Amino acid sequence: MPSPKPLHDPQVLRAIAHPVRNRILAELDARGSLRAADLARELDIPANQASFHLRQLAKYGLIEEDPAAARDKRDRVWRVVNEGGFTVEMRDMEKQPGGKAASRVFRENRRAWGRLVVDSVFEKRAKGTHSTLTDSALLLNNEEAVQLSAELGDVIDRWTERTRGGGSDRITYLYYAALLPYPAPPGAD
C-alpha cells in the first residue's frame, strides 16, 4: 500500500473537515471507484449533493476521475488519488496563513465525530453487525509506539485490499483508533 500523502494546504484541511466529504473519502477508500449515484445511495443524500462534494474533493486534489472504471465517456467514476490516505502535521499547518482557523474547524469536527463514534458503539446496532470499543494501556517507548502504529496500519491495509470493491453482502465499517501517551483526566494539572 502506498504511503500516506502529507497535506500542507489549510484550504484542503477545511475541505476534508466537512463530514460528508470525509465519508465520501472513506467510501472511496473502502469500496474503490464509485459514481456520484452510488455514493448518494450509500450516504442517503441527493445525487447532486454527492456530485458537489466530489467536485470539491477533486478541486483540492484528493480524488480524481477513474476513466478505466467508466462505462462510456459520459460516465464519471471517482477514486482516491492516494490509496495510502493522507497525513496532516497540525503544527506545520497552523503556521501557514489561514492554518489556525482551518485547524480549529478540523479539530472541532473531529471532536464531534469522535463523540458520535463512541456513542454509536453503545447504541443498539443493526442485527448481524458488530461493534466494539477497546482501550488498552501499553508500556512503550516512542520507537515502539511508532512500530505498533505501523503494524496496526499494515493489518488495516491488508484488510482494505482484501475487501475493496467486493460483495453486496458487505457494509462499510469504521475502524477508529488513537495511540498516544495516556492523557490526564480533565481538570488535572
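Guide: Before we start, a contact here means heavy atoms within 4.5 Å. Also, what you see is a predicted model.

Visitor: Thanks! So what share of the contacts with a separation of 6 or more comes from residues 24 or more positions apart?

Guide: Such residues account for 66% of those contacts in the chain.

Visitor: And how many helices and strands are there?

Guide: The chain has seven helices and five strands.

Visitor: Let's pick two helices. At what angle do H2 and H4 pack?

Guide: The angle is about 80°, and their axes are 10 Å apart. H2 covers residues 19-31, while H4 covers residues 47-59.

Visitor: What do we call that arrangement of H2 and H4?

Guide: They are roughly perpendicular to each other, because angles from 65 to 115 degrees count that way.

Visitor: Which residues meet there, in H2 and in H4?

Guide: On the H2 side, Val 20, Arg 21, Ile 24, Leu 25 and Leu 28 take part. They meet Gln 49, Ala 50, Phe 52, His 53, Leu 54, Gln 56 and Leu 57 in H4. The residues of this contact divide into eight nonpolar, three polar and one charged.

Visitor: New topic, rings! What lies over the face of Trp 159?

Guide: That would be Arg 162, at 4.0 Å from the ring centre.

Visitor: And how many aromatic pairs are there?

Guide: The count comes to zero, with ring centres needing to lie within 6.5 Å to pair.

Visitor: Last one: how much of the chain is buried?

Guide: Buried residues make up 26% of the 189 residues. As for the overall box, the C-alpha atoms fill roughly 60 × 45 × 30 Å along the principal axes.

Key:
Residues numbered from 1 in each chain as written. Predicted model: local features only at pLDDT ≥ 70, side-chain atom pairs only at ≥ 80, totals over all residues. Heavy atoms only, no water. Axes fitted to C-alpha atoms, helices over the stretch in contact; angles between N-to-C directions. Helix = DSSP H or I, 4+ residues; strand = E, 2+ residues; numbered from the N terminus. Parallel < 35°, antiparallel > 145°, perpendicular 65-115°, else oblique. Nonpolar A, V, L, I, M, F, W, Y, C, P; charged D, E, K, R; others polar. Phe/Tyr/Trp six-rings, centres within 6.5 Å; stacked < 30°, edge-to-face > 60°. Lys NZ or Arg CZ within 6 Å of the ring centre and 35° of its normal. Buried < 20%, exposed > 50% of the residue type's maximum accessible area, 1.4 Å probe, protein only.
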